[in-house]
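Subject: Structure handover

Hello,

Here is the structure you asked to take over. My notes on it follow below.

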Amino acid sequence: MTTLAASPAAGLPDLQLIVFAAGLVVLAGLIAMTEAALAAVSPARAAELGRDGARGARALQAVAGDVVRHLNLLLLLRLLAELTATTLVALVAVDTFGAGWRAALVTAGAMTVVSFVVVGVAPRTLGRQHAYAVGRAVAPLVRWLGRALNPLASLLILIGNAVTPGRGFREGPFATQVELRELVDLAEQRGVVEHGERQMIHSVFALGDTIAREVMVPRTEMVWIEEGKTLSQALALFLRSGFSRIPVIGESVDDVLGVLYLKDLIRRTQGGDPRAEELPVSELMRPATFVPESKPVDDLLSEMQAARNHLVIVVDEYGGTGGLVTIEDILEEIVGEITDEYDVERPPVERLDDGAVRVAARLPVENLGELFDTELPTDEVETVGGLLAQSLGRVPIPGAEAEVSGLRLIAEGTTGRRNRIDTVLVSRMAPTDAQDNGGRGDHAESRGNQNRSEERQPADA
């Protein structure tokens with residue numbers, strides 16, 4: 001058996017192998033440091049450094065823009081360096097201890113410790129601590145390697161997907177949102193981020209998988225106004241609904257012509273022209289922006305920010321109006337429901353002195369029927385607010401009134417940013433009122449209220 005001590009001639013090649021293996025381990029550590037740095041780099045921050053003219057920032061911006069592809073390549077190179085170093089150490093161990101379990105044990109133990117410390121811990125820590133400095137230093141080389149060796153990495157990913165049962169990942173499973181989500185969960189467990197922050201980060205990841213249809217205000221909850229209405233009628237609608245932007249329609253809700261802005265209306269009507277209030281809203285509306293209901297929300301948010309547009313109309317697959325989306329709707333997907341200081345928590349049922357009952361708009365219709373011992377229609381609606389909307393034929397806003405099965409329903413205050421009806425005042429109709437309205441059916445709306453509703457229109461923007 002030949003050993004390092006057997007002869008100087010035999011020891012020289014082994015020493016060269018050890019030095020070569022050590023160099024490969026250092027190289028693997030540098031690659032691991034680069035991986036950690038690029039994983040922590042923000043494309044927005046890299047773009048800002050590029051605008052400031054920082055050295056290497058342009059290359060870093062290009063790498064950060066396609067970070068998954070470059071991380072896959074770095075993973076391939078790191079594995080190549082580590083496995084080659086392990087093979088060289090194994091050759092030296094076999095030459096020293098012979099082909100047996102002692103050589104295998106020495107190789108496994110030595111390379112595990114070296115890889116964990118030199119590749120796994122120290123360089124990754126440095127990469128995370130100095131992400132942008134390391135990124136700017138190595139980005140030009142990584143960018144060049146990406147151009148030269150990316151076909152090889154893509155080929156290996158393709159082969160891996162071919163031999164993997166089921167559907168594989170086109171860009172490989174090495175750098176995905178799942179891994180980043182797990183890091184966020186681990187950061188919460190260690191107290192680095194708060195629970196609310198973790199939920200917001202997960203919500204940001206989910207934006208890419210969310211489409212406009214999932215966040216839009218449906219057409220049944222839209223506030224709209226006809227093109228022939230006057231500016232004075234539009235102002236009344238703005239004040240009653242509480243919104244600052246309202247779609248303008250033509251023949252129907254599917255025919256959206258534009259969007260009327262409260263600021264434009266106030267500027268025109270308060271300009272000193274006494275005839276301004278009688279102008280039709282079609283002269284003051286702005287062009288509407290239309291998007292398909294399948295559009296990803298993250299792309300939609302970017303486009304709305306770039307166009308400085310706060311409201312878009314969502315079109316369904318048949319070309320009709322599906323609803324509308326505002327920037328606030330998208331923001332709520334990240335931070336949750338937005339309410340203001342005027343929102344208060346009310347009990348679901350509140351009995352008043354005059355015998356009426358104030359109920360939450362979300363109270364089930366069955367519960368309301370039990371309160372008044374009355375059979376109410378529940379085929380198409382589930383809540384009291386839905387029952388009121390069905391009776392009116394439009395979305396209610398404060399003051400809207402309808403009679404259903406001998407009960408008078410009056411919409412009260414609104415809640416939340418979308419100004420949904422918060423409560424409904426319910427009272428039993430007097431016999432004289434029931435006789436006066438008896439010929440119109442349970443779901444009829446009073447003529448006077450209908451005339452007033454023509455100025456209000458359905459409810460949400």
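A residue is called buried here if its relative accessible area is under 20%, and exposed if that area is over 50%. On that basis, 41% of the 461 residues in the protein are buried. Please keep in mind that this is a predicted model. The protein has 17 helices and 14 strands. Among its contacts with a separation of 6 or more, 60% join residues 24 or more positions apart.

Helices α4 and α5

Two packed helices are described by the angle between their axes and the distance between the axes. For helix α4 (residues 67-97) and helix α5 (residues 101-129), the angle is about 150° and the axes are 9 Å apart. Angles over 145 degrees count as roughly antiparallel, and α4 and α5 are therefore roughly antiparallel to each other. Their crossing is right-handed. By class, the contact of α4 with α5 has ten nonpolar, three polar and four charged residues. On the α4 side the contact includes Arg 78, Glu 82, Ala 85, Val 89 and Phe 97. On the α5 side it includes Arg 102, Val 106, Met 111, Val 119 and Arg 124.

One of the charged residues deserves a separate note. Leaving aside neighbours within four places in sequence, Arg 78 is in contact with Ala 28, Ile 31, Ala 32, Glu 35, Val 119 and Arg 124. Of these, Val 119 and Arg 124 belong to the α5 side of the helix pair.

Helices α10 and α11

The second pair is α10 (231-241) and α11 (residues 262-269). Their axes come within 11 Å and cross at roughly 135°, and α10 and α11 are therefore oblique to each other. The crossing of this pair is left-handed. The residues of the contact divide into seven nonpolar, one polar and one charged. From α10, the residues involved are Leu 231, Ala 234, Leu 235 and Phe 238. They meet Leu 262, Leu 265, Ile 266, Arg 268 and Thr 269 in α11.

Which residues of α11 are buried? They are Asp 264, Leu 265 and Thr 269. Seen down the axis of α11, these buried residues fall within an arc of 115°, so they line one face of the helix. The exposed residues Lys 263 and Arg 267 are on the face turned away from that buried side. What covers the buried residues of α11 includes α10 and also the strand β4 (256-261).

Helix α3

An α-helix has 3.6 residues a turn, so residues three or four places apart point the same way. In helix α3 (residues 57-65), the buried residues are Ala 57, Ala 59, Leu 60, Val 63 and Ala 64. They cover an arc of only 155° around the axis, which puts them on the same side of α3. Arg 58 and Gly 65 are exposed, and they sit on the face of α3 turned away from its buried side.

Loops and single residues

Most residues other than glycine have a negative phi, and most peptide bonds are trans. Asp 373 is in the loop between α14 (365-372) and α15 (384-392), and with 73% relative accessibility it counts as exposed. Ser 405 is in the loop between β10 (401-404) and β11 (407-411).

Two C-alpha distances complete the notes. Val 184 is in helix α7 (residues 177-189) and counts as buried, at 12% relative accessibility. Val 184 and Ile 201 are 17 residues apart in sequence, with 7.8 Å between their C-alpha atoms. Glu 317 is in the loop between β6 (311-315) and β7 (321-326), and at 64% relative accessibility Glu 317 counts as exposed. Glu 317 and Glu 293 are 24 residues apart along the chain, and their C-alpha atoms are separated by 7.6 Å.

Regards

How values were computed:
Residues are numbered from 1 along each chain as its sequence is written. This is a predicted model: local features need pLDDT of at least 70, side-chain atom pairs count only at pLDDT 80 or more; totals for chains, interfaces and linings use all residues. Side-chain values use heavy atoms; hydrogens and water are left out. Buried means under 20% relative accessible area, exposed over 50%, partly exposed in between (1.4 Å probe, protein chains only). Helices (H or I, at least four residues) and strands (E, at least two) are DSSP runs, numbered from the N terminus. The arc is that of the directions from the helix axis to the C-beta atoms. Contact means heavy atoms within 4.5 Å. Axes are lines fitted to C-alpha atoms, for helices over the stretch in contact, and angles run from 0 to 180 degrees between N-to-C directions. Angles under 35 degrees count as roughly parallel, over 145 as roughly antiparallel, 65 to 115 as roughly perpendicular and the rest as oblique. A crossing is left-handed if the near helix is turned anticlockwise from the far one by less than a right angle, and right-handed if clockwise. Ala, Val, Leu, Ile, Met, Phe, Trp, Tyr, Cys and Pro count as nonpolar, Asp, Glu, Lys and Arg as charged, and the others, Gly among them, as polar.
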